[in-house]
Amino acid sequence: MKLRPHFVVDPMGWLCVSVVFGIWLYNTLFVPHLVLLPHYKEGHIPWALVVCYYVASALCVLALLRASTADPGRLPTDPNIPYSERAQWELCNKCNLMRPKRSHHCSRCGHCVRRMDHHCPWINNCVGEDNHWLFLQLCFYTQVLSLFTLVLDFSQYYYFLPLTGQDQERFTARHELALLRVSALMGLAMFGGMSSLFYTQVAGILSDTTTLEKMSLSSNEITGTKRSWQWALSEVFGTRWKVLWFVPLRSRRPLPAGPHYRIHV
């Protein structure tokens, strides 16, 4: 997969992406300004904690931008089908183009996507073979940032020492609603939702079943080999180097089949 942009013209999708970006902006600018940086300046927390927060925030927004603009695996209008693989291709009855099996036509995007998992309005893009790994990164880093924000909100009221440079009564009157209620509720909702989504996505990868196949109850028609978790995730992320699974700024290349990574049944 090359680093070429891919945009879906969908106003509702743009609105959903804007909501997600707004939540990220709130947790990146407002919460650190009120909690993280003031306590660092007064020596209550180490600099490493500040760096970790902003690194998690940067990786989260990078994964969001990449997942939203990356090509999910759109099939070309005139695909070059190898002779040995023609039996594995079929005709799409919506766009009348040849596509490999386990591909699906997305009515929202208007084209077929290789090994399409689902169309996600929150990234305004399909989740397919070429950007599934970015969607997993987005789920993971959103969990990290949400949990980080929840810990900061909790520590502000129950752990951190009072700030000497602020009027505590004025601070509580002006910012308690935003910090304790809005930020904590958003953190809980995002962490809970993304944790559930991340679990279902990883479970689908390990069982070699997409979300669309689960919904259509066609997973029992899929035959193949039982794969180890290392090979299953390596195939999605396009590399066997596990440290690169966490890096959003790179390209993905399909892995060649490796018999030592598969367990035949």
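**Confidence**

I looked up confidence in this predicted model by pLDDT (the predictor's confidence in each residue, from 0 to 100). Confidence is lowest in strand β8 (residues 262-263), with a mean of 40, and highest in strand β6 (residues 125-127), with 94. Residues 259-265 have a pLDDT below 50; this stretch has 16 contacts in the model beyond near neighbours in sequence, a contact being heavy atoms within 4.5 Å. Where pLDDT is low, the predicted coordinates should not be read in detail. For the protein, the mean pLDDT is 83, and 86% of its residues reach 70 or more.

I noted the ground rules. Residues are numbered from 1 along each chain as its sequence is written, and side-chain values use heavy atoms, with hydrogens and water left out. Local features need pLDDT of at least 70 and side-chain atom pairs count only at pLDDT 80 or more, while totals for chains, interfaces and linings use all residues.

**Overall make-up**

I found 6 helices and 8 strands in the protein. Helices (H or I, at least four residues) and strands (E, at least two) are DSSP runs, numbered from the N terminus. From the N terminus on, the order is α-α-β-β-β-β-β-β-α-α-α-β-α-β. Of the 265 residues, 44% are buried; buried means under 20% relative accessible area, exposed over 50%, and partly exposed in between (1.4 Å probe, protein chains only). Among contacts with a separation of 6 or more, 65% join residues 24 or more positions apart.

**Helices α1 and α2**

How do α1 and α2 run relative to each other? Their axes come within 11 Å and cross at roughly 170°. Axes are lines fitted to C-alpha atoms, for helices over the stretch in contact, and angles run from 0 to 180 degrees between N-to-C directions. The two helices are therefore roughly antiparallel; under 35 degrees counts as roughly parallel, over 145 as roughly antiparallel, 65 to 115 as roughly perpendicular and the rest as oblique.

I listed residues where they meet: among them are W24, V31 and Y40 in α1, and Y53, C60 and L64 in α2. By class, this contact has 17 nonpolar, 4 polar and no charged residues. Ala, Val, Leu, Ile, Met, Phe, Trp, Tyr, Cys and Pro count as nonpolar, Asp, Glu, Lys and Arg as charged, and the others, Gly among them, as polar.

I checked the length of α2: its 23 residues should span 33 Å at 1.5 Å a residue, and its end C-alpha atoms are 33 Å apart, which agrees. The expected span is 1.5 Å times one less than the number of residues. Buried residues in α2 include V50, Y53, C60, R66 and S68. What covers the buried residues of α2 includes α1, β6 and α3 (132-158).

**Single residues**

R102, in the loop between β2 (98-100) and β3 (104-106), has a positive phi of about 75° although it is not a glycine. It counts as partly exposed, because its relative accessibility is 23%.

R115, in the loop between β4 (111-113) and β5 (118-120), has a positive phi of about 45° and is not a glycine either. R115 is partly exposed, at 22%.

Leaving aside neighbours within four places in sequence, Q201 contacts D117, H118, H132, F135, L136 and T211.

In α6 (residues 229-237), I found W231 and F237 among the buried residues.
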